[in-house]
Structures are given as C-alpha cells and as structure tokens.
Amino acid sequence: MPVCVVVLPDSTSARALRSELLKTAVPLIRCELVAPSGSTHRSVNPSEDVNIDMVDLLNPDLVRRRRQRSMAFWLMPFGFLAGLVFTQITNLQTFSALGIWAEPILGGVLGMGSGLMGSYAAAASVTSNNEDQIRILRNRSTDGNWLLLLETPISVEIPWQPVQRSKPQQVVRLSEL
C-alpha cells in the first residue's frame, strides 16, 4: 500500500489540502491530519486531528508493544508446556518439598515466565525499515509542522497534483508496509 506523509507549515494549508484530497475521486484508505507534538492548538473540530503518538505508522513503540503482546499470546502457553515436559523428562527434584503436583506446575510457570521474557526480547530485536524516516517526521512534528498521512489501496497512486499545489515543505514516502 502506498503510504505518504506530507509535511505542511501551518494548520490552514494542512486542512485545505486534506479537504481537497477528500473531494478527489481517488480512494484513500487513510487521510489523517497529525497536529504538531506538544502544541496547544485548539481545533475547531478536534476529531479531525490526531496525536502523533496515536498513529501506528508514526510510532515505533506502539508497533513494538502490539508485536510483544501478539508474541506473548503464543510463547507463554508453549513455555508452560515446555516447562511442564522438561520437569517430567529430567526427573529433577528441585521443588520436591512442595509436593508431587507442585513440581511440574512450578516448572510450567517458570517456562511461561521464560516465554514472556522471550516475547519482550524478540519484539525489541525487530527493527523497521522506516525508522530513519519516522524519526525525521517526528522531528518535523516537534518543530511545529503539521503532518498529513495519506494511504491508498494497492496499485492506486496518491493524487500528486493537489499535493504539489499545496507547496509542502517535505513529502516522505514510507516504504511498503
């Protein structure tokens, strides 16, 4: 899906471009207006503006947390079963004072904890191809610029004529997601 972020200097040009793009015949999956970070801007219609931290394409931490939760969903049950089986196979008597059933259950719980730690490590180790571009966009937002996130369906090009007429400061095309 083609994803493009248009950097604009002020809210009037950003809102004008957004309304012009919504009137075109090009189908847009997303056309989100991102207010500058830390701005005290009061919008006429606050439902139009979004915070940069709420946009998943512009917030790597949000994507990382979602990936970690998804991996934990699968790794924790398998870790429990692996700990349970490992305790039974090895015949270790580490927690024998707790009883015959407590030892395999405790091994399973320790395996489940290992699965949780593994989900954090695995989610943190994956990097995005767009991190440099996202860092540039976040810096632009911190500098007080407005961002317009555009996403079109596959094989549909972004309407470049209205974008060029708005004279943006920068246009960043994010790689395929």
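User: How do α2 and α3 cross, left-handed or right-handed?
Analyst: The crossing of α2 and α3 is right-handed. Keep in mind that this is a predicted model.

User: What angle and axis distance go with α2 and α3?
Analyst: The angle is about 150°. The axes lie 6 Å apart. Helix α2 spans residues 60-90, and helix α3 spans residues 102-125.

User: So what does that make α2 relative to α3, roughly parallel or roughly antiparallel?
Analyst: Roughly antiparallel. Angles over 145 degrees fall in that class, so α2 and α3 qualify.

User: How do the residues of the α2 with α3 contact divide?
Analyst: There are 15 nonpolar residues, 11 polar ones and three charged ones in the contact.

User: Where is S155 found?
Analyst: In the loop between β4 and α5. Strand β4 covers 146-151, and α5 covers 160-165.

User: Is S155 buried or exposed?
Analyst: Exposed. The relative accessible area of S155 is 72%, and the cut-off for exposed is over 50%.

User: Which loop holds K167?
Analyst: The loop between α5 and β5, with β5 at 170-174.

User: K167, buried or exposed?
Analyst: Exposed, at a relative accessible area of 70%.

Note on methods. Residues are numbered from 1 along each chain as its sequence is written. This is a predicted model: local features need pLDDT of at least 70, side-chain atom pairs count only at pLDDT 80 or more; totals for chains, interfaces and linings use all residues. Side-chain values use heavy atoms; hydrogens and water are left out. Axes are lines fitted to C-alpha atoms, for helices over the stretch in contact, and angles run from 0 to 180 degrees between N-to-C directions. Helices (H or I, at least four residues) and strands (E, at least two) are DSSP runs, numbered from the N terminus. Angles under 35 degrees count as roughly parallel, over 145 as roughly antiparallel, 65 to 115 as roughly perpendicular and the rest as oblique. A crossing is left-handed if the near helix is turned anticlockwise from the far one by less than a right angle, and right-handed if clockwise. Ala, Val, Leu, Ile, Met, Phe, Trp, Tyr, Cys and Pro count as nonpolar, Asp, Glu, Lys and Arg as charged, and the others, Gly among them, as polar. Buried means under 20% relative accessible area, exposed over 50%, partly exposed in between (1.4 Å probe, protein chains only).
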